[in-house]
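Hi,

Here is the structure I said I would pass on.

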Amino acid sequence: MTSRFSAVLATLLGAAVLQGPPPAPPPTWQRLIGEYGPDSTTRVMILERGGRLLARFDSLHEAAVTPAGVRRLLADSMWSRRALGPEAGAVFRIVPVRPVEELRKAALAANPPPEPGEFRASDLVELVKLDPTIKLDIRYATSRNFMGTPLYSQARAFLQRPAAEALLRAHHKLKAKGYGLLIHDGYRPWYVTKMFWDATPPAQHGFVANPATGSRHNRGCAVDLSLYDLRTGRPVEMPGTYDEFSLRSYPSYPGGTSRQRWHRELLRSAMEAEGFTVNSSEWWHFDYRDWKLYRIGNIPFEKLGARTGG
């Protein structure tokens, strides 16, 4: 992406989010919004934009529809709503190709790939020590993750100091708009990346990092995050759920509601203004610009000690 195009995109995103969040559509519409049709045929996407339901047949053809029209369309075609991923608040899961404890034992016995060259010294900072209003939802320290089992021994989130300070600036700007950052993951030991790769079916490897090259999470320069409402303390809804292996995870996915897409773009604009870049297939994953300057790390959380933001 050229710097000129990035600047234009940032301007457009910034202009969109300045207007405030669109209203949520009627709850009855939520049961209609989604994708329909079997994998072997052209699918129809029902989405909401500007207070209207639209039927999207491809990237060039859309038509306004009423809720009754959607129901007639589905009744006539006998199509059902496709299960792209879990509903809001639920957790996406895979069936690991090998037992998790077997994967853990093999990953802990392995070593990260060798990396020649000079790197900056690691200076991982614990994010909640920078500002207690940065909230944590570290799914990998619980069973509420795509592997279905705890993978971290502690619910903590770290980033290299420059990335952590940039994230803090984004958080402060979002607070002025009534939102805070909700952190799902930051620094990730390499052995966990290897577990992810070895557990995931090959057809879904596009959603996990290859341990042969390491993850930007391993370098302490990637963060998985979302937004929460400062007034209510509740997470906001996005077009898809965190860590979902589906088309809804793409930051350009056109479906869902105007309100969900608005929140997704608010998060993106705040993070990209501070030197982060969104991952091409995960709306929640942002890489800091200096990631190449740090070596792959493999230190478990319990050995990191009590780091502060000072």
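**What I found**

The crossing of helices α5 and α7 is right-handed. Before going further, please keep in mind that this is a predicted model.

Staying with that pair: α5 covers residues 161–175 and α7 covers residues 258–272. Their axes sit 8 Å apart, and the packing angle is about 135°.

Which residues of α5 and α7 meet? On the α5 side they are Leu167, Ala170 and Leu174, and on the α7 side Leu266, Ala270 and Met271. By type, the contact has six nonpolar residues, with no polar and no charged ones. If you are looking at the spacing along either helix, remember that an α-helix has 3.6 residues a turn, so residues three or four places apart point the same way.

While you have α7 on screen, find Arg261, which is also in that helix. Is Arg261 buried or exposed? Its relative accessibility is 12%, so Arg261 counts as buried, the cut-off being under 20%. Leaving out residues up to four places away in sequence, Arg261 touches Leu47, Glu48 and Arg49, along with Pro239, Tyr253, Pro254, Gly255 and Gly256.

Next, helix α6, residues 190–199. This helix is mostly covered, with nine of its 10 residues buried. The buried set includes the aromatics Trp190, Tyr191 and Phe196, and Lys194 and Asp198 are in there too. What do the buried residues of α6 pack against? Their partner is α4, residues 100–109.

Last, a loop residue. Asn145 lies between β6 (135–136) and β7 (158–160). Asn145 has a relative accessible area of 2%, so Asn145 is buried. A polar atom of the Asn145 side chain is 2.9 Å from the backbone nitrogen of Met147. Setting aside neighbours within four places in sequence, Asn145 is in contact with Val91, Phe92 and Arg93, and also with Arg139, Tyr140 and Leu151.

That's everything I have for now.

Cheers

Key
Residues numbered from 1 in each chain as written. Predicted model: local features only at pLDDT ≥ 70, side-chain atom pairs only at ≥ 80, totals over all residues. Heavy atoms only, no water. Axes fitted to C-alpha atoms, helices over the stretch in contact; angles between N-to-C directions. Helix = DSSP H or I, 4+ residues; strand = E, 2+ residues; numbered from the N terminus. Left-handed = near helix turned anticlockwise from the far one by under 90°. Contact = heavy atoms within 4.5 Å. Nonpolar A, V, L, I, M, F, W, Y, C, P; charged D, E, K, R; others polar. Buried < 20%, exposed > 50% of the residue type's maximum accessible area, 1.4 Å probe, protein only. Polar contact = N/O pair within 3.5 Å; in protein donor to acceptor, adjacent residues only side chain to side chain.
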